[in-house]
Amino acid sequence: MKYTTAMTARAAAWVAVIMSAILSLASCVDVDEYDNTATDNMEALWRIMDERYCFFTEKEREFGVNWDDVHSRYAANVNDRMSRTQLFEFLGRMTGELRDGHVNLSASFDMARNWSWKEDYAANFSDSIHRRYLGTDYRIASGMYYRILDDNTGYVYIGSFADEIGDGNIDEVMLYLSSCQGLIVDVRNNGGGKLTEAHRLAARFCDGNTLVGYMQHKTGPGHDDFSAMEEQWIAPAAGIRWHKKVCVLTNRSVYSAANEFVKYMKRMPNVTVIGDVTGGGSGMPYSAELPNGWGVRLSACPMFNAEGNSTEHGIPPHISVSMTREDMGRGIDTIIETARTLLRE
């Protein structure tokens, strides 16, 4: 898939094929087959996941999760006398066995989620220390917080890809930081958003058409029913592009579209990724509904790096660095300082 400052016709067609393939799976699970009982809601949820979820092989290899075994255990314990709260907690535990941040069960009163992919790890980010680096005179452009640090290092923090990042916004940021010796792009705690925004920004660091990874889509109800690998490409943007050194900062809370952004940036010239392994989340989500109206979101389309390896469980940095207790006590961000040292060299 190739991008410049916006999606190309080829990319748009690729997305259309993906969405068509996903929608064609709608006939795989007919919730009308199930009554609105606790037992049938559990069976419907298990079957939706069984036929549409894309990471069963990964989850069994990584965590020993066998989905048939999950069914046996939960089917033996569900009963139609459960209250809606009890059922919600019960089904949330069932989907939580996959340890996937893209798998959620939503009701009007709560959302079941599993965040062990980030909560079981060091934060490697401090809001108070981060505010010290940004100061009070930083600039804001379409969700990008940026300034020039006192050693002439450009710094951009992007906490989300949920909102559109305009090409004009990126031009202004690049122009303002153009005199800097190097650039830090900090995406720590970025939980994702729109893939188009991750592509758009990564294209500003691209010198030529670059293969950044692959993607598949689910083609049938079997656990291994997938299309052939579809290439993901990024082309250089038409606007201002950065050709000096770049450090991308990561932690375990980098997820979904932000995880993809790190995948893209690892393929760009002059880029060094510093920090912790990202949180992963490389499956494009799909939504369904249970007989009782509760929403189900799950990973349906797996994505891979340029070597064909899954990034579902995170992307390792070039340089692994954690924030130390000593530095934090002095108000210093170890990861930022490592990047500044590298850029000065």
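I take contact to mean heavy atoms within 4.5 Å. Helices (H or I, at least four residues) and strands (E, at least two) are DSSP runs, numbered from the N terminus.

The model is predicted: local features need pLDDT of at least 70, side-chain atom pairs count only at pLDDT 80 or more, and totals for chains, interfaces and linings use all residues. Residues are numbered from 1 along each chain as its sequence is written, and side-chain values use heavy atoms, with hydrogens and water left out.

**Entry 1: helix 2 and helix 4**

I looked up which residues meet between these helices. From helix 2, Met42, Glu43, Trp46, Met49 and Asp50 meet Trp67, Asp68, His71, Tyr74 and Ala75 of helix 4. I sorted the residues of this contact into six nonpolar, one polar and three charged. For that sorting, Ala, Val, Leu, Ile, Met, Phe, Trp, Tyr, Cys and Pro count as nonpolar, Asp, Glu, Lys and Arg as charged, and the others, Gly among them, as polar.

**Entry 2: leucine 98**

I found leucine 98 in the loop between helix 5 (84-96) and strand 1 (104-106). Leucine 98 counts as buried because its relative accessibility is 0%. Buried means under 20% relative accessible area, exposed over 50%, and partly exposed in between (1.4 Å probe, protein chains only). Apart from neighbours within four places in sequence, leucine 98 is in contact with Met49, Tyr53, Phe56, Lys59, Phe63, Val65 and Trp67.

**Entry 3: aspartate 35**

Aspartate 35 sits in the loop between helix 1 (9-24) and helix 2. With a relative accessible area of 52%, aspartate 35 is exposed. I list Asp40, Asn41 and Pro291 as its contacts, leaving aside neighbours within four places in sequence.

**Entry 4: arginine 340**

Arginine 340 belongs to helix 12 (residues 334-344) and is buried, at a relative accessible area of 8%. Its side chain makes a polar contact of 2.5 Å with the side chain of aspartate 150 and one of 3.0 Å with that of aspartate 151. A polar contact is a pair of N or O atoms within 3.5 Å; within protein, one must be able to donate a hydrogen and the other to accept it, and residues adjacent in sequence count only if both atoms are side-chain atoms. Not counting residues up to four places away in sequence, arginine 340 touches Tyr133, Leu149, Asp150, Asp151 and Ile184.

**Entry 5: positive phi**

Asparagine 152 is a residue other than glycine with a positive phi, near 65 degrees. I place asparagine 152 in the loop between strand 4 (144-148) and strand 5 (153-158), and at 33% relative accessibility it counts as partly exposed. Serine 256, also not glycine, has a positive phi near 60 degrees. Serine 256 lies between strand 9 (246-250) and helix 10 (257-265), in a loop, and counts as buried at 15% relative accessibility.

**Entry 6: cysteines**

I found zero disulfides in the structure, taking a disulfide as a pair of cysteine sulfur atoms within 2.5 Å. For cysteine 206, the nearest cysteine sulfur is that of cysteine 247, 19 Å away. Cysteine 301 has its closest cysteine sulfur in cysteine 54, at 6.9 Å, which is too far for a bond.
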